[in-house]
Amino acid sequence: MVNQKPFKRPIYVTKPYLPDLDDFMSALGEIWNNNWLTNNGPVVQRFSQELCNYFETNNICLFTNGTLALQIGLQGMGVSGEVITTPFTFVATTHALFWNKISPVFVDIEPDFYTLDPEKVEAAITPWTTAILAVHVYGHPCKLNELADIAHRHNLKLIYDAAHAFGVNVGSKSIARFGDLSMFSFHATKLYHSIEGGMLAFQDPGLKSTFNYLKNFGFKNEVEVVMPGTNAKMNEMQALMGSMILKHVNEIIEKRKQITLKYREMLESVQGIYLTPELPEDIRYNYAYFPVEVHEKEFGMSRNRLYEKMKEYNIYPRRYFYPLICDFACYQNVSVQDPLTVARRAADRILTLPIYYDLALDDVQKICDIIIEIGSTCRS
Ligand code: T4K
């Protein structure tokens, strides 16, 4: 294997799944006929029911995106004071706290799947702590039992940012059934999407009306505003896209599984490239991302150099999640007690490789051959 050529077209970290264009165009006819575009229209209502069936619960609420869903979730549950959370996530997780005037308390993650470390959570609890906000990062389920136990013993709300976890099951239960509340993102870059979109799933049915008010300016009816809500409604186009893609979600997950298996086969014994361990058998994973750790000394170059070098081959992986949230200028005034050793290492080493529905296995092979070639060239 010598002199790999660059890809002719860019290979991005992800590419949205799209339904057949003719099918989508003819489905749009319903929206045109209805002449109803937003404000809890019939397509949103039907989509909501389809998701209730998918998640086997009526306790869901749809939003225009995941960030506003999480923001409203925290507000509707009355979370305040301090919330213990992870710095190794997309910045929106922390922004949702900020917009609720909640102080984030960053603690470290565990080294296998990069989710919140329960021991660190317990150590960070103060009289002002009201909740834990954990992230199923890359779709890897958090330490569900340990976190539930801590939340129960300390009377804390347990909230999951499940932006990456659509389609993940633990045993026979959807990941949405754990904790008090979970937020799912339906953004175009996610394995399952509605262009933009978000969903809350929750255990307490009483929250539904609060969330419905909060996403629609607080209107109860034409003349009553019961709380100062915002505008975070999903529209009919989003719901149509979401509904059409929902029919293909199992097929999408299966395709990503094949890509993941190919990556694992090709990269498992590459010097300096480390893969996440296999998830426990009772977890049905969604193959949302494909993170690898690049160990500089063994591989021969740093993760950042590999990231830049891959661009020369027209491959655009991403460094999800670098920098850590607490290192962004807007959060540098948050005092961080935990040394965040594992999170810092992960942020410095992880590269998330391209994975999407129509990424051909031959292209996965070529991406891996390029990584192998880059490594062996710089070591020789
Ligand atoms: N919590 C967590 C843990 C999250 O990861 C996210 C979102 C949220 C909360 C908030 O949920 P939302 O409010 O977004 O629903 C992307 C997404 O914008 C963001 O939704 C996602 N996490 C985050 C992990 O990734 P960027 O800045 O990396 O996106 P961008 O535009 O650079 O896109 C990445 C690549 O995808 C591009 O290089 C090319 C490809 N792409 C992208 C788009 C938008 C396409 O091929 N087509 C497209 O339409 O944030």
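Reader: Okay, so a polar contact is a pair of N or O atoms within 3.5 Å; within protein, one must be able to donate a hydrogen and the other to accept it, and residues adjacent in sequence count only if both atoms are side-chain atoms. How far is a polar side-chain atom of His187 from an oxygen atom of the ligand?

Author: That distance is 3.4 Å. Keep in mind this is a predicted model: local features need pLDDT of at least 70 and side-chain atom pairs pLDDT 80 or more, while totals for chains, interfaces and linings use all residues. Residues are numbered from 1 along each chain as its sequence is written, and side-chain values use heavy atoms, leaving out hydrogens and water.

Reader: What about Thr67 and the ligand?

Author: A polar side-chain atom of Thr67 sits 2.6 Å from a ligand oxygen. For Lys190, a side-chain N or O atom is 2.9 Å from a nitrogen of the ligand.

Reader: Why does the ligand lie between domain 1 and domain 2?

Author: Because domain 1 (11-16 + 249-379) and domain 2 (21-246) both give residues to the shell around it. The domain bounds come from an automatic or database domain assignment.

Reader: New topic: how many residues of H3 are buried?

Author: 9 of the 11, so H3 is largely enclosed by the rest of the structure. Buried means under 20% relative accessible area (1.4 Å probe, protein chains only), and helices are DSSP runs of H or I, at least four residues, numbered from the N terminus. Leu68 and Gly76 are among the buried ones.

Reader: And what happens at the start of H3?

Author: There, a side-chain oxygen of Asn65 comes within 3.1 Å of the backbone nitrogen of Thr67.

Note on methods: Buried means under 20% relative accessible area, exposed over 50%, partly exposed in between (1.4 Å probe, protein chains only). Helices (H or I, at least four residues) and strands (E, at least two) are DSSP runs, numbered from the N terminus.
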